Amino acid sequence: MDSFEYTASPARIVFGSGTIKKVPDELARAKVSKPFLLSTPQQVSHIELLKGVLGDVVSGTFTEATMHTPVEVTEKALEQLRSSGADSIVSIGGGSTVGLGKALSIRSGLFHLTIPTTYAGSEVTPILGETDGGKKTTRSDPKILPSAVVYDVDLTMTLPVGLTATSGVNAIAHSVEALYARNTNPVINLLAQEGVKALASALPVLVADPSSQPARSSALYGAWLCGTCLGSVGMSVHHKLCHTLGGSFNLPHSETHAIVLPHALSYNAPRVPAAMEALAAALPESDGDATRGLNVLLKKLKVERGLKALGMQESDIDKAAEIAVGNPYWNPRPIEKGPIRELIRRAWAGEDARADL
């Protein structure tokens with residue numbers, strides 16, 4: 001057994017069906033009583049649902065959360081939060097809303113309870129990515145971690161098929177990189193494999209039958225495990241590329257993850273044989289090849305495979321490569337501009353991943 005270090009996450013997790021009804025109890029448990037509610041413009045209905053559960057204790061709402069957590073949006077929300085007299089923050093939605101909740105919590109010091117409705121995993125990480133002037137920066141601080149997470153499977157039942165697939169692959173990406181992280185450990189390895197297995201089994205079922213409650217429950221369970229991996233160990237080239245592409249070219253988060261992941265894995269494959277073996281075992285139809293397993297899964301999910309379809313221009317490839325090799329995250333394979341550029345080109349063109357980078 002290799003030496004390792006492991007720090008358990010202090011967040012409280014409530015998982016199940018209909019668990020949104022437990023939010024008042026969770027706030028009382030934290031000794032707070034005046035929540036400020038957050039959502040995106042598309043999820044105002046969730047705010048109304050929450051208001052119905054919480055009653056007249058809601059101190060205010062902000063429904064303008066947006067992807068990549070722009071600082072200007074955070075500052076607008078912070079002004080409203082401070083004037084509302086709130087003693088806590090409740091965010092409901094996907095990674096955009098959770099990100100705003102984290103940004104407000106770290107600035108205000110208020111208790112943050114989050115109710116995720118996608119598989120992003122941000123809710124169980126101490127990581128905050130913010131965009132300012134077209135540049136995305138990421139920081140990690142234990143105080144960023146939401147204090148409580150309420151997973152309600154019912155809130156994921158209407159998640160559109162496309163977002164179900166890309167958000168699920170985004171979650172898988174957290175576990176993939178956790179398996180070869182510099183500070184990985186046996187606990188995280190087990191969580192990562194279980195998370196990938198749960199999602200890789202559930203997502204194809206959901207593409208065929210989005211209303212399958214058992215598959216929705218399995219997917220949300222897998223997303224929790226994968227998110228926990230993201231919050232516990234360092235990420236590498238895949239996440240660096242996705243932050244570069246998202247923050248600099250305003251590409252949608254989960255769709256970008258789904259496109260880049262198999263290429264990033266193929267880049268690192270020669271240096272991480274143990275991780276490749278563990279991942280292949282968790283992916284159906286991999287035939288012992290994790291890259292093949294991901295390619296097969298993405299075909300089943302019918303997700304977009306090319307960044308050009310998301311609006312990225314071919315002329316942006318060189319700029320993206322330049323940004324990606326600047327201030328790189330730790331990675332098991334050294335970051336080399338030529339192969340990284342080719343990785344981005346393949347992802348832009350929508351090619352299948354190949355382990356020859």
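Two aromatic pairs turn up in this structure, which is a predicted model. One of them joins Phe15 and Tyr151, and the other joins Tyr221 and Trp224. Below is a quick tour of those pairs, then the overall build, then a handful of individual residues.

**The aromatic pairs**

- A pair of aromatic rings is described by how far apart the centres are and by the angle of the planes.
- Phe15 and Tyr151 make a tilted pair, with 5.9 Å from centre to centre and 45 degrees between the planes.
- Phe15 belongs to strand β1 (residues 12-16) and Tyr151 to strand β8 (residues 148-152), so this pair ties together parts that are 136 residues apart in sequence.
- How much of each ring's residue is open to the outside? Phe15 is partly exposed, at a relative accessible area of 32%, while Tyr151 is buried, at 0%.
- Tyr221 and Trp224 are tilted too, with centres 6.3 Å apart and planes at 55 degrees.
- Here both partners sit in helix α7 (residues 213-232), three residues apart, which is about one turn of the helix.
- Tyr221 is partly exposed, with a relative accessible area of 30%, and Trp224 is partly exposed as well, with 25%.

**The overall build**

- If you like to start from the fold, count 13 helices and eight strands in the protein.
- What radius of gyration does the protein have? The value is 19 Å, which agrees with the figure near 21 Å that a compact globule of 357 residues would have.
- Along the principal axes, the C-alpha atoms fill a box of roughly 60 × 45 × 40 Å.
- Of the 357 residues, 55% are buried.
- Take the contacts with a separation of 6 or more: 74% of them are between residues 24 or more positions apart.
- The protein exposes about 14,300 Å², and carbon and sulfur atoms supply 51% of that area.
- On the charge side there are 33 positive and 35 negative charges, and their mean positions are 1 Å apart.

- Most residues other than glycine have a negative phi.
- Thr69 has a positive phi of about 45 degrees, although it is not a glycine.
- You'll find Thr69 in the loop between β3 (60-62) and α3 (71-84), and this residue is buried, with a relative accessible area of 7%.
- Asn250 is also a residue other than glycine with a positive phi, in this case near 55 degrees.
- Asn250 is in the loop between α8 (237-249) and α9 (253-268).
- Is Asn250 buried or exposed? With a relative accessible area of 52%, Asn250 is exposed.

**Leu245, in a helix**

- Leu245 has its place in helix α8 and is buried, with a relative accessible area of 2%.
- Which residues does Leu245 touch, leaving aside neighbours within four places in sequence? Its contacts are Asn250, Leu251, Thr256, Val260, Leu307, Met312 and Ala320.
- One of those contacts, Asn250, is the positive-phi residue from the group above.
- Leu245 and Ala324 are 79 residues apart in sequence, and their C-alpha atoms are 8.7 Å apart in space.

**Ser140, in a strand**

- Ser140 lies in strand β7 (residues 135-140).
- This serine is exposed, with a relative accessible area of 55%.
- Ser140 and Ile127 are 13 residues apart along the chain, and 4.4 Å separates their C-alpha atoms.

**Asn331, in a loop**

- Asn331 is in the loop between α12 (317-325) and α13 (337-349).
- Why does Asn331 count as buried? Its relative accessibility is 9%, and buried means under 20%.
- Setting aside residues up to four places away in sequence, Asn331 touches Ser236, Val237, Tyr267 and Asn268.
- Val176 is 155 residues from Asn331 along the chain, and the C-alpha atoms of the two are separated by 13 Å.

Note on methods
Residues numbered from 1 in each chain as written. Predicted model: local features only at pLDDT ≥ 70, side-chain atom pairs only at ≥ 80, totals over all residues. Heavy atoms only, no water. Helix = DSSP H or I, 4+ residues; strand = E, 2+ residues; numbered from the N terminus. Rg over C-alpha atoms; globule rule 2.2 N^0.38 Å. Buried < 20%, exposed > 50% of the residue type's maximum accessible area, 1.4 Å probe, protein only. Contact = heavy atoms within 4.5 Å. Areas by Shrake-Rupley, 256 points an atom, 1.4 Å probe, with all protein chains shown as cover. Lys, Arg positive; Asp, Glu negative; His and termini not counted. Charge placed at Lys NZ, Arg CZ, Asp CG, Glu CD. Phe/Tyr/Trp six-rings, centres within 6.5 Å; stacked < 30°, edge-to-face > 60°.
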